[in-house]
Amino acid sequence: SPGKGPAEVDVVVVGAGIAGLYALHKFREQGLTVRVFEVADGVGGVWYWNRYPGARCDVESVDYSYSFDEDLQQEWNWSEKYATQPEILAYLEHVADRFDLRRDIEFGTRVTDIVLDEPTLRWQVGTDTGRAVSARFVVLATGPLSNANTPAIPGLDTFAGRVLHTSHWPHDGVDLAGQRVGVIGTGSSGIQTIPCLAEEVARLHVFQRTPNYSVPAGNTPLTEEQRQAQKANYAERRRLSMASGGGSPHQPHPKLAVEATDEERREAYQRRWELGGVLFSKTFPDQLLTREANDTARLFWEEKVRAVIDDPRVADILIPRDHPIGTKRICTDTNYYQTFNRDNVELVDLRATPITAIDADGVHTTETHYRLDTLVLATGFDAMTGSVSRMNIVGRGGVTLNETWADGPKTYLGLGIPGFPNLFNLTGPGSPSVLANMVLHSELHVDWVAEAIGFLDDRGAVALEARPDAVAAWVRECADRAAGTLMLEANSWYLGANIEGKPRVFMPFVGGFGVYGQIIAEVAAAGYKGFDVLEA
Ligand code: NA7
């Protein structure tokens with residue numbers, strides 16, 4: 001509330017999700033004063049908000065967990081291979097308690113303004129509760145997938161039933177038994193929730209605009225024996241993850257897909273299929289590099305999926321044709337395609353019959369009116385820049401970050417922006433971001449920022465500020481690396497393509513998590529090459 005808490009700190013952290021919690025812990029251990037502002041009433045970030053039925057992580061729980069504390073990783077017991085949202089939230093609450101984090105977090109508080117005081121190079125941080133704090137450093141831990149996208153469908157606000165967004169699911173749950181329910185959206189969230197909703201509701205209409213590739217998650221409970229084996233091997237598992245393409249320890253096949261024999265390919269895809277989940281898109285190292293390699297994976301996938309869908313016409317609608325497999329994040333599911341064999345589920349192909357409007361009773365397409373009691377929006381996020389762009393961030397000369405990024409986000413290493421000294425954006429554009437394991441990525445970024453602050457303090461310097469030439473070179477490098485892959489062939493949210501009017505820029509660094517970690521470590525070791533070190 002206004003007036004409470006310190007008026008000056010070393011670091012303000014925005015957001016108490018995975019990155020923000022670790023940032024608070026790390027900086028505090030370093031002897032810095034830290035204040036965290038969080039909109040929600042609790043910790044957890046996306047795992048606080050995304051409570052829809054079936055919400056689960058698509059990275060294995062043993063990997064999608066903090067590595068910074070050996071006792072924590074040895075003592076926490078994950079119950080399943082892929083943890084559910086409630087379990088991940090319980091874990092993050094445990095971390096908050098264990099490291100006594102809550103005393104420096106102000107909940108229910110949205111940061112609205114972050115304004116540079118040029119003479120002192122301090123940041124003035126303002127919030128919607130009236131609390132204001134001045135800080136030397138600002139760390140944005142607002143998350144790349146946190147700003148919900150609600151489609152502008154005419155009449156949406158006239159619908160008489162309940163409208164639920166997957167990322168703002170009611171905390172006390174919803175009873176949908178006996179209802180006619182519509183789901184708009186078939187990305188990861190839709191694909192996870194549709195099989196669960198189908199079992200609960202009387203009738204489910206799935207409104208699909210673009211089909212996605214989904215692979216069975218292969219989720220299973222973990223036995224005590226499996227947990228012990230994982231824990232015994234944790235150090236090696238982490239080492240491999242930190243050096244890997246995406247932050248998990250699994251290695252791609254030693255051959256290229258185009259070099260392997262038919263039999264080797266089938267075997268490799270089959271093994272990954274059985275392993276389950278997103279790693280299918282990384283079976284071979286060239287799978288996202290050439291169409292020829294990609295097609296081998298796509299055709300294997302299509303055969304598997306067609307085999308479980310009863311009606312071939314329904315299968316035709318569910319199979320993507322617009323993009324190579326893996327160029328949008330692969331979805332992972334439990335019985336998604338089988339759900340369309342149920343009598344109470346109907347797939348509506350919005351490519352053939354687009355939605356024209358919503359009225360009090362339901363959804364109109366060009367062909368039919370669907371009467372609904374509840375409408376579920378699984379329509380995703382204004383990804384990577386959405387949450388940052390909602391804050392009024394003002395740097396040198398009164399120039400805002402939104403003005404600076406009007407043609408798309410431009411950074412040095414994802415971590416530095418000229419005109420915005422000592423402002424660090426975690427896991428955002430210009431870093432591997434959503435292409436990597438977000439927990440290890442958050443740790444990598446927080447550790448880098450902590451070391452940078454230590455570097456400044458050791459030499460009595462005031463600030464780090466990225467140089468424009470370094471930004472230009474990094475932006476070019478990111479674009480060149482993306483252009484060398486198939487990633488530009490999909491209208492994905494990596495490119496901002498899901499939000500009308502958003503500049504089309506491929507935002508993540510595609511060169512791999514391990515490679516990126518090396519690059520930012522080398523920059524630090526070279527005395528923050530590409531940054532100006534500003535002395536008092
Ligand atoms: P996504 O992956 O962005 O999926 C959103 C879905 O909503 C997608 O199928 C969209 O179709 C659909 N959508 C969005 N707007 C509309 C309108 N106006 N009409 C019909 N359909 C629409 O979000 P998720 O939440 O599923 O997943 C995001 C990430 O979170 C995921 O990759 C994981 O990493 C975690 P479209 O493809 O645009 O035609």
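Q: Which exposed residues does the face of α8 turned away from its buried side carry?
A: This is a predicted model, where local features need pLDDT of at least 70, side-chain atom pairs count only at pLDDT 80 or more, and totals for chains, interfaces and linings use all residues. Residues are numbered from 1 along each chain as its sequence is written. On the face of α8 turned away from the buried side, the exposed residues are Glu263 and Glu274.

Q: Which residues of α8 are buried, and within what arc do they fall?
A: Helices here are DSSP runs (H or I, at least four residues), numbered from the N terminus. The buried ones in α8 are Arg265, Ala268, Tyr269 and Arg272. They line one face of the helix, because the directions from the axis to their C-beta atoms fall within an arc of 95 degrees.

Q: How far apart are the end C-alpha atoms of α8?
A: The expected span is 1.5 Å times one less than the number of residues. For the 14 residues of α8 (residues 262–275) that gives 20 Å, and the distance in the model agrees: 20 Å.

Q: Within what arc do the buried residues of α16 fall?
A: In α16 (residues 513–525), the buried residues are Phe513, Tyr516, Gly517 and Val523. Seen down the helix axis, they line one face, since they fall within an arc of 130 degrees.

Technical notes
Helices (H or I, at least four residues) and strands (E, at least two) are DSSP runs, numbered from the N terminus. A residue is buried if 20 or more other C-beta atoms lie within 10 Å of its own, exposed if 12 or fewer, and partly exposed in between; C-beta atoms are placed from the backbone.
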